[in-house]
Amino acid sequence: FRRPVSPALCRTLWTLAVIDLLLGGLLVAYPGLWQEALHPAAMGSTFYPLQRTGALWLSRGALTAWAAARRRPALAAAVGVCWGLEVPGDLLLAWRVGDTGPWTGPAYLGRALVALAVAFRLGRAARADDREGAAKHG
């Protein structure tokens, strides 16, 4: 039996999907914009790691859109796990790449905190929706 996620969680998933698809597409197509904004001292270096990140965000965006369309708590929780996997990498970048621009460290620290908050929110909401659906459909 299908227990759909709440409309609020569904809206959150669609919003996250759009963000990932837009930012991922920009990183793949125009990695120099990201590098110029966050890593100005590294301009001229290779763009491949940025494009790889863009491809990962595109994949996560596609998974998130699928989770929003299917409206299943387990898929919402899986999206939360994907966001949670970003946290260690962003913390590492916040610590290591501060020499590539004045906003780089704070930007990656902020991204890590946002990713952690999104992961926590999605996991918590998915569990609540699953419990609520189980109680209704017992």
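Me: Val18 is partly exposed, with a relative accessible area of 47%; what cut-offs stand behind the words buried and exposed?

Reply: Buried means under 20% relative accessible area and exposed means over 50%, so a residue in between is called partly exposed. Please keep in mind throughout that this is a predicted model. Val18 belongs to helix H1, and its value of 47% makes it partly exposed. Pro49, which is found in helix H3, is likewise described as partly exposed, at 48% relative accessibility.

Me: What does a helix of 23 residues reach from its first C-alpha to its last?

Reply: Helix H1, which covers residues 7–29, reaches 33 Å from its first C-alpha to its last, and this is close to the 33 Å expected at 1.5 Å a residue. Within H1, the buried residues are Leu9, Cys10, Leu13, Leu16, Ala17, Asp20, Gly24 and Leu27.

Me: Why do residues three or four places apart in an α-helix point the same way?

Reply: An α-helix has 3.6 residues a turn, so a step of three or four places points the same way again. In helix H5, residues 86–96, the buried residues are Glu86, Val87, Asp90 and Ala94. Around the axis they cover an arc of only 90°, which places them on the same side of H5. The face of H5 turned away from that buried side carries the exposed residues Pro88, Trp95 and Arg96.

Me: Which residues of H2 are buried, and which are exposed on the other side?

Reply: In H2 the buried residues are Pro31, Gly32, Trp34, Gln35 and Leu38. Seen down the axis of H2, they fall within an arc of 160°, so they line one face of the helix. Leu33, Glu36 and Ala37 are exposed on the other side of H2.

Me: How many aromatic pairs does a search of the whole structure find?

Reply: A pair of aromatic rings is described by the distance of the centres and the angle of the planes. The search of the whole structure finds one pair. Trp34 and Trp57 form this aromatic pair, with 5.7 Å centre to centre and 75° between the planes, and the arrangement is edge-to-face. The pair links distant parts of the chain, since Trp34 lies in helix H2 (residues 31–38) and Trp57 in helix H3 (residues 48–70), 23 residues apart. Trp34 counts as buried at 19% relative accessibility, and Trp57 is buried with a relative accessible area of 3%.

Me: Where does the charged end of Arg60 sit?

Reply: The charged end of Arg60 sits over the ring of Trp83, 3.8 Å from its centre. A further case is Arg96, whose charged end sits over the ring of Trp95 at 5.3 Å from the ring centre.

Me: With which residues is Arg111 in contact, leaving aside its neighbours within four places in sequence?

Reply: Arg111 is in contact with Trp57, Trp83, Glu86 and Asp90 once those neighbours are left aside. Arg111 itself is found in helix H6, residues 104–137, and is buried, with a relative accessible area of 17%. Over the whole protein, residues 24 or more positions apart account for 74% of the contacts with a separation of 6 or more.

Me: How many residues apart in sequence are Val18 and Tyr108, and how far apart in space?

Reply: Val18 and Tyr108 are 90 residues apart in sequence and 20 Å apart in space, C-alpha to C-alpha. For Pro49 and Ala117, which are 68 residues apart along the chain, the C-alpha atoms are separated by 25 Å.

Me: Which residue has a positive phi although it is not a glycine?

Reply: Most residues other than glycine have a negative phi. Arg71 is not a glycine, yet it has a positive phi of about 60°. Arg71 lies in the loop between H3 and helix H4 (73–84), and it is partly exposed, with a relative accessible area of 27%.

Conventions: Residues numbered from 1 in each chain as written. Predicted model: local features only at pLDDT ≥ 70, side-chain atom pairs only at ≥ 80, totals over all residues. Heavy atoms only, no water. Buried < 20%, exposed > 50% of the residue type's maximum accessible area, 1.4 Å probe, protein only. Helix = DSSP H or I, 4+ residues; strand = E, 2+ residues; numbered from the N terminus. Arc of directions from axis to C-beta. Expected span 1.5 Å × (residues − 1). Phe/Tyr/Trp six-rings, centres within 6.5 Å; stacked < 30°, edge-to-face > 60°. Lys NZ or Arg CZ within 6 Å of the ring centre and 35° of its normal. Contact = heavy atoms within 4.5 Å.
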